Amino acid sequence: QVQLVESGGGLVQPGGSLRLSCAASGIIFSINTMGWYRQAPGKERELVAAITSGDSTNYVDSVKGRFTISRDDAKNTVYLQMNSLKPDDTAVYYCNAEVVVGIFRNLRDYWGQGTQVTVSS
């Protein structure tokens, strides 16, 4: 089984920065798209940012210019650098990865455990 372990969340003041990390481990043939989702209380989960194996990226409009997603394939790790944080960014952030696994090279979707990001003065 593939596991995604997240770290880097916490409490930060408006305008501050955090960097989230998500490391995948297990029997991995390759990883296609990796991304970050978030869910705030009373709201639906939304895709924040995603990055493909070819380093193509996309972001939800509300974070463009402030957040940067990147990946280190040697470490099977995806990062989310979050700058100029706003209270509306407060949410639980979840890592997601499309992973090719097993001898049949099945494509499976995996999720991290979630990490809390709170932006408050």
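Analyst: The link of Cys-22 and Cys-95 is left-handed, with -85 degrees about the S-S bond. In this predicted model, the sulfur atoms of Cys-22 and Cys-95 lie 2.1 Å apart and form a disulfide. The disulfide count comes to one.

The charged pairs come next. Side chains of opposite charge can pair when their charged atoms come close. The count here comes to five salt bridges. One of them is formed by Arg-38 and Asp-89, whose closest N and O atoms are 3.0 Å apart. Arg-38 sits in strand E4 (residues 30–39), while Asp-89 sits in the loop between strand E8 (77–82) and strand E9 (91–101); the pair therefore ties together parts that are 51 residues apart in sequence. Arg-38 has a relative accessibility of 6% and so counts as buried. Asp-89, at 2% relative accessibility, also counts as buried.

A further salt bridge joins the side chains of Asp-61 and Lys-64, with an N to O distance of 2.9 Å. The setting of Asp-61 is exposed, because its relative accessibility is 61% and the threshold for that class is over 50%. Lys-64, with a relative accessible area of 48%, is partly exposed.

Arg-71 and Asp-73 also form a salt bridge, and their closest N and O atoms are 2.8 Å apart. In this pair Arg-71 counts as buried at 14% relative accessibility, whereas Asp-73 counts as partly exposed at 46%.

Salt bridges with shared partners also build a network, and its members are Arg-38, Glu-46, Arg-66 and Asp-89. The buried pair of Arg-38 and Asp-89 thus belongs to this network.

Note on methods:
Residues are numbered from 1 along each chain as its sequence is written. This is a predicted model: local features need pLDDT of at least 70, side-chain atom pairs count only at pLDDT 80 or more; totals for chains, interfaces and linings use all residues. Side-chain values use heavy atoms; hydrogens and water are left out. A salt bridge is a side-chain nitrogen of Lys or Arg within 4 Å of a carboxyl oxygen of Asp or Glu. Helices (H or I, at least four residues) and strands (E, at least two) are DSSP runs, numbered from the N terminus. Buried means under 20% relative accessible area, exposed over 50%, partly exposed in between (1.4 Å probe, protein chains only). A disulfide is a pair of cysteine sulfur atoms within 2.5 Å.
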